[in-house]
Amino acid sequence: MVRAVVTYIDRRTGTAPFVRKTLRYLFPDNWSFLLGEVALYCFIVLVATGTYLAFFYQDGTTQVVYHGPYKPLEGQHMTEAYRSVLDISTTVKAGLLIRQTHHWAADVFIAAILLHLIRVFFTGAYRKPRELTYWLGVTMLTVTLLEGYLGYSLADDLLSGMGLAIGYGVALSIPFVGGNLAALLWGGPFPGTHAFFARMYIAHVFLFPLLIATLLVAHLTLVALRHHTQFKQSRRESERKVVGLPTFPAQTPRSLGLAFGVAGVLFLLGGLVQINPIWLWGPYHTYSSTNGAQPDWYLGWLIGGLRLMPHWDFVIGGYTLVPNPFWGGVFYPLAVFGFLYVWPVLEQRVTGDSGYHNLLDRPRDAPWRTAIGAGILTSVVVVFLAGSADRVLVLLNLSYASQIWFYRVAFFVGPLVVAALTYRICNALQAGDRVERDRRLAEREGRAAAGET
Amino acid sequence: MRRVCIVVLLALVAVPAAAASPGSGLVHRGKALYGQYCLACHGANGSGVAKTSVQRIGGGPLRRQSRQQGYAPPLRGVGALAADFYLRTGYMPLEHTGMQPRRSRVLLDDGQIAALTAYVASLAPGPAVPHPHPERGSISQGLHLFTDHCAGCHQVVAEGGYVTGAVPPPLENATPTQIAEAVRIGPYVMPRFSKKAISDAQLDSIVAYVGYAKHPDDNGGWAIGHLGPVPEGLVAWLIGAAALVALCVVIGRRMHGGETG
Amino acid sequence: MARRANPKDLVVAAAVLLVGRRRPKSQPERLERVVPAGEPGRGSELVVLALLLAATVCAIGFIVVYAVDRIPRQTQFLGLSLGLALLFVAAALIVTAKRLIVTEELVDDYPATEHPEEQQLVTQIVDESGSRITRKRLLTLGAAAAGGSLGAAFLVPLASLGPVVHTGVLYDSPWRRGRRLVDENDRPWRAADIEQRDFYTAFPEGADKETLGSPLIVVRLDPSSLHLPAENANYDANGIVAYSKICTHAGCAISLYRAPLFPPDAPPPAFVCPCHYSTFDPATGGTVTFGPAGRKLPMLPLMVDRRGYLRAAGNFDGPVGPSWWGVRLRGAH
């Protein structure tokens, strides 16, 4: 049977050599190399559940009056968009499951990308010849942040509507062109034309997924062309020899198992843990708001930045050069992504190491890189935490104003302290390794000597 | 004959006295309690104490410290409504002046509270304890009104929040009467909504909504506090990402502590 | 000599057509195994079968739960059944990976770092193709001009999305002198409706309530506590003040009003935005007292008409909403 299929296909496509090579392509085996795959499978779940949701969502902004099964909104005014999401959540069978799975998948997707990025960064996998792969990945991260933001804003509930208003404020705050850009995107001042939601919808279900998919295909192709990096775990691995599991039969059930596992976890979350209960928030109006509104977790560093900045609008003459939200909403994210993009080139210049690297560093083997990366990560985490300071206040009774000051100081001090600490820990670990190696060498020599006599 | 006259006289005096005593007895008892727990800050006859005349000292006889003297608003005309609210929630007595009153352990018993309330009500005419009827209200209208007037501070599902300088509390322990009282008083920095702004019928709807918000429709599963993205992010990382990382560890191989060769 | 076909021949012919001629099987030489053989894992097979069975049960469970109407907590059971089905399949695959197939650890070469000869050939092909071109720089300039302007031409229609050049719309506000203040149900506000320690949302009569310039937050302060700056002198109507409800930081609606019951003991009256806690003082023209907002809250002058209704006495003292490049260049119009 197998032979019949293989023969049929090879006769019509000539791909048997290619398939043979693919079947024996080697995957170096380390658990941390599977994180990228986790992200990939999350993306597949997103596309599948998203397609289903697109059949039921309506992107209209015409106001309607609700008469439906959810009584606490009976008789209320809301947009068609909100109403359609409400119907998916209450009337469409399995609609709430698919909707929640879709949203959990988005949250976990970006978490997985971040874990994958952390692994890639701290092991130096982005070095030559894989800079292009790395840059594609960072670009994908940027695009998915925007894609997620647009996605949950489509529901037009109170929380996401406030988030859109803030997005408008951040767009406006870009020096010189902010007003033009915001007016262009929204078709006028907020809340914009009726077409705005339609454009958001097309961007979310078509333009950005297409972009992500294209980048993803390029990313995976490059990984395959140059083969995967590996840790040096034995004498066999080297810059020229890759050691790993073949695609078939070893890697296939592993990858498939991971795929089903990811889907399983996401559907479990989608059914068991409530996420974004838009029926509780109510519909959005520009003149309404609620306490405790937050963006989805991956934009938490933006709300933190917006809250931490002291109240300066930089004004020269009558010109508002830099409105306040620019720093937390645009400047800081640009700085962090700029660092990520520039780092491979920067590291090459500073270390003078422009060689080929197929072998990975353990984080301790590159103390400078690990320390700097840890420092940058610390600053991002501090800003994240600052974004949830008001909920911490309600939970733990810690003064909000004091927290803000704490985080302002921690933003500068924290990364330096963590970087210094990390550097020392790396060096200490390396020293320990050297001692261990010397000890084993001595033992071996001792045994050899003992064997001789 | 004289003994009979005395008995009749005594009866004539005693009966009206007995008839008057439940009310006046309660107020009298309340006055005694007032003198014990409230006088030092709220002044004699509920006239209030201006800030300029005293400095802030901590504690009252109910809260560990021995002496309390401070400043506080006058209580004349606040009525049974305010007294009932502050006492039944434990907002009063305050641990020290200048702090936001918070829901705390009620250290007075029902009888004491009734007595104090009667006394404060007797100081000057004021609003009586309200009796809201949430069963007559509409949850849908309540959500709309709550979003307009309350959600900015208390959060749309009444989980509490922050306003510069104060902490609007979550409302899960608020009884319908306490909600109605708070709306009409505006304690600490909360706005005060009179019947002109929020009618009694609208108040019924708001109370009905807050009751709903204590156990709202959680068709999606575990509600993780109705707070939105912050707990959702925690779940995404600590349950979702953690489970998947664990899966990766099970499937893949771990590094064997450095070079073995 | 031709034979006439007889039935037996026909049957044989049909059989041959159907079954096919037996080609002699090319006897394969003992092929070397590519994938090494391994020990049978009969116990693991049973485990995998059990897991697959469990997955089957769960998946059927999903279909049943879906089909039956009015199951309480239906979303939870749907998620549980589907999630478990997928996890059981995952487990089956992982057991297969670890126990039922041979996990080979192979060594292979990394692909060549580069291919100098091919690089040379490609470069040569491209370079030599231009042998007939003499004005290379000029042609490149021409191509760049054409390509650049074509690209710009393709991008320019994007400007139809919105006002890119004329951002005057950002200064627009529906308020005019004499416009009446109404509530969410279009009932006009009277000055007598506005009480101290409460806050009210107002809109311009007849205008779209959702535009940023529409909503107001209106409060009544004790006139003696007002310290309005000169440019906002007489903006109040006997202590009633009105401000834009849209925060000047990032555009959220200001829905918090701090209204002290006992002023000596509590912070003074203030508007607070719930997004980043920008705090504005209504008694001093909307100045920022806490939080990140960089611009004061726009104030609307009020007047009371003969019948006691509140009306705008003019437009805002500045554009509403978050700041942008030109926000301080003009007033609202």
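**Notebook: cores, a helix and an interface**

I began with the nonpolar cores of this predicted model. The largest one has 200 residues, and the members that touch the most others are L258(A), F146(B), L181(C), L216(C), V218(C), F271(C) and L310(C).

Next I noted a second, separate core of 20 residues, which includes A389(A), Y400(A), V163(B) and Y277(C).

A389(A) took me on to helix α15 of chain A, residues 389-396. Which of its residues are buried? I found A389(A), D390(A), R391(A) and L393(A), so labelled by the under 20% relative accessible area cut-off. I also looked up what covers them: the cover includes α12 (300-308), α14 (367-387) and α16 (400-452) of chain A, together with α9 (229-251) of chain B. Just after α15(A), N397(A) has a positive phi of about 65°.

Chain A has 16 helices and six strands, and its C-alpha trace spans about 95 × 65 × 40 Å along the principal axes. Of its 453 residues, 57% count as buried. Among contacts in chain A with a separation of 6 or more, 76% are between residues 24 or more positions apart.

Last, I turned to where chain C meets chain B. Here 32 residues of chain C are in contact with 38 residues of chain B. The two chains bury about 2,700 Å² between them, with 53% of that on carbon and sulfur atoms. On the chain C side, R197(C), F262(C) and D265(C) lose the most area to chain B, together 19% of what that side buries.

How many salt bridges are there between chain C and chain B? I counted zero. For polar contacts the count is 15 residue pairs, both residues at pLDDT 80 or more.

I also checked which elements of chain C supply at least two residues to the side touching chain B: they are α3 (74-100), β3 (199-204) and β6 (256-258). The largest share, four residues, comes from α3(C). By class, I noted 17 nonpolar, five polar and ten charged residues on that side of chain C.

Technical notes. Residues numbered from 1 in each chain as written. Chains lettered and ligands numbered in written order. Predicted model: local features only at pLDDT ≥ 70, side-chain atom pairs only at ≥ 80, totals over all residues. Heavy atoms only, no water. Contact = heavy atoms within 4.5 Å. Buried area = accessible area lost by both parts, 1.4 Å probe. Salt bridge = Lys/Arg side-chain N within 4 Å of Asp/Glu carboxyl O. Polar contact = N/O pair within 3.5 Å; in protein donor to acceptor, adjacent residues only side chain to side chain. Nonpolar A, V, L, I, M, F, W, Y, C, P; charged D, E, K, R; others polar. Buried < 20%, exposed > 50% of the residue type's maximum accessible area, 1.4 Å probe, protein only. Core = buried A, V, L, I, M, F, W, Y, C linked by side-chain atoms within 4.5 Å.
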